[in-house]
Amino acid sequence: MFESLKKKFSRTSDKLEEELIEEAQEENNLEEESGKKFSFFSFGRKDKKEEEDSKSDVAEIPQEVESIQETDTSDDETSDDKDEKSGLWSFGKKSGDNKEEPQEEEESAEEIQEEEEPKKSHFWSRNKEEDTEESEDADEKTEEKKSRFWSRNKDNDSSEENDEDEEPSGMFSFITAKTISEKHLEDILWELEMGLLEGDVAMEVASAVVDSVKDDLVGRKIKRSNDITEYTYNALRNAVAEIIDIPGKSMTEMIEAKKAQGEPLVVMFVGINGTGKTTTIGKLANYYLKKGYTPVIAAADTFRAGAIEQVNYHADKVGVKLIKHQKGSDPAAVAFDAVEHAKAQGKELVLIDTAGRMQTNTNLMDEMKKIKRVAKPDLVVFVGDALTGNDATQQASKFNEAIDLDGVILTKADADSKGGASLSIGYVIKKPILFLGMGQGYDDIKEYDADWMLNQLFSESGEEVNINEA
């Protein structure tokens, strides 16, 4: 999810780092230091697991040292372990061995292992006295694949342990601490803003993110290159957190509140044609059935051909009662009957399906207002297609002006690489996102959680999304 936004966030951090390092080079204010360079997203993982990782690192080093000492005692033991550890047998060679006539089998094993794992540089390989040329060649090949500014200016790179959260080398410090100024950020933030707009983020949201990042970063003192990644990551994450966290009660909480009063929660769904409104109603009916509630669906879309049959299909599949009239009948009357049925049967939830309509269709918008007057819904929910990006935000704004929305459900969020609608829609209309559609099945719907959304936006690219995650 949101791959486009992730790349733009990461690029902002990289560009700022390049800007400061280039300036420091010109000022002779830069020195290389030992350590590990954290990428933008690995820094986020480090925040979450910092304590666990530090304990794990401390525990692993003594075990590796112990393994080295054991391999020194026997050439046979070294040969047995060579399938598990790259380069282990070459370390196990004793200094007294004949170096001019090495065994062909050992040479062959070393060459094969080096081809399979050219990037691995183990703890013990730093102490190898032999095969230094092969080790340097492997390091140079690794360096050629790096595109970062600092790697292009390195003359020699010492071997470091390489794990999934860290990139070896690339650590720089400033002799005199650098202070981030507006001059450093001017081009970078302009590029970020343009990137957000290209990703279908609403103009006011893009401006809010850029302004927040600028306020957070200007004046920061930087001593090490990793500090740039840390401050940029936090600035972007904080800016987005403010955008996506719109306060509001969940639908589940509202059902419980109405249930305590002996009344059903009445929810009316609106939106344009083709956004998945009827399917979403089927998903919600299934969702709340599994939570122990009894929903009823109102087929108030009497305008579109086949609409009643479509919602009837979903009601049958899920196993809930459908209230329907003939095609062309008054939609408000259908909604009213559904509410009365729920009250009489003690059902906790009424889901009202309405005809899809463009926000510019005055007659259908007036009909929607009539349904609201008659059914008196507790929630009016706009269902939008996340893939339409900024169009979904504009549609929601028009519906909000006409009927005063209470919340939003975004469909197809799992296929949204840009993330413009997810980032913008709630902030623009000042109404919370209630649910996200995450697939085609009835179970593929997730109650919206701002923290979960934030983690998706700032997770490693390609990380699997679990809709059942709390």
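Trainee: Among contacts in the protein between residues at least 6 apart in sequence, what percentage joins residues at least 24 apart?

Mentor: Contact means heavy atoms within 4.5 Å. The model is predicted: local features need pLDDT of at least 70, side-chain atom pairs count only at pLDDT 80 or more, and totals for chains, interfaces and linings use all residues. Residues are numbered from 1 along each chain as its sequence is written, and side-chain values use heavy atoms, with hydrogens and water left out. Of the protein's contacts between residues at least 6 apart, the part joining residues at least 24 apart is 76%.

Trainee: What percentage of the residues of the protein counts as buried?

Mentor: Buried means under 20% relative accessible area, exposed over 50%, and partly exposed in between, with a 1.4 Å probe and protein chains only. Of its 470 residues, the buried part is 48%.

Trainee: Are α8 and α9 roughly parallel or roughly antiparallel to each other?

Mentor: The axes of α8 (residues 182-198) and α9 (residues 203-217) come within 10 Å and cross at roughly 155 degrees. Axes are lines fitted to C-alpha atoms, for helices over the stretch in contact, and angles run from 0 to 180 degrees between N-to-C directions. Angles under 35 degrees count as roughly parallel, over 145 as roughly antiparallel, 65 to 115 as roughly perpendicular and the rest as oblique. The two helices are therefore roughly antiparallel.

Trainee: How many nonpolar residues does the contact of α8 with α9 have?

Mentor: Residues making this contact include Leu185, Leu189 and Leu192 of α8, and Val209, Val210 and Val213 of α9. Ala, Val, Leu, Ile, Met, Phe, Trp, Tyr, Cys and Pro count as nonpolar, Asp, Glu, Lys and Arg as charged, and the others, Gly among them, as polar. Besides one polar and three charged residues, the number of nonpolar ones is 11.

Trainee: How many polar residues does the contact of α1 with α10 have?

Mentor: α1 and α10 (residues 225-244) pack at an angle of about 145 degrees, with axes 9 Å apart. Among the residues in the contact are Thr12 and Ser13 of α1, and Ser225, Thr229 and Thr232 of α10. Alongside six nonpolar residues and one charged residue, the polar count is five.

Trainee: How far apart in space are glutamate 23 and lysine 178?

Mentor: Glutamate 23 sits in α1 (residues 3-26) and counts as buried because its relative accessibility is 15%. Glutamate 23 and lysine 178 are 155 residues apart in sequence, but their C-alpha to C-alpha distance is 9.5 Å.

Trainee: Is threonine 411 buried or exposed?

Mentor: Threonine 411 belongs to strand β11. Beyond four places in sequence, its contacts include Thr275, Thr280, Val383, Asp385 and Gly437. With a relative accessible area of 7%, threonine 411 is buried.

Trainee: What is the phi of lysine 412?

Mentor: Most residues other than glycine have a negative phi. Lysine 412, in the loop between β11 (407-411) and α17 (420-429), is partly exposed at 33% relative accessible area. Although lysine 412 is not a glycine, its phi is positive, at about 60 degrees.

Trainee: Is lysine 376 buried or exposed?

Mentor: Lysine 376 also has a positive phi, of about 50 degrees, without being a glycine. It lies in the loop between α15 (362-375) and β10 (379-385). Its relative accessibility is 62%, so lysine 376 counts as exposed.

Key: Helices (H or I, at least four residues) and strands (E, at least two) are DSSP runs, numbered from the N terminus.
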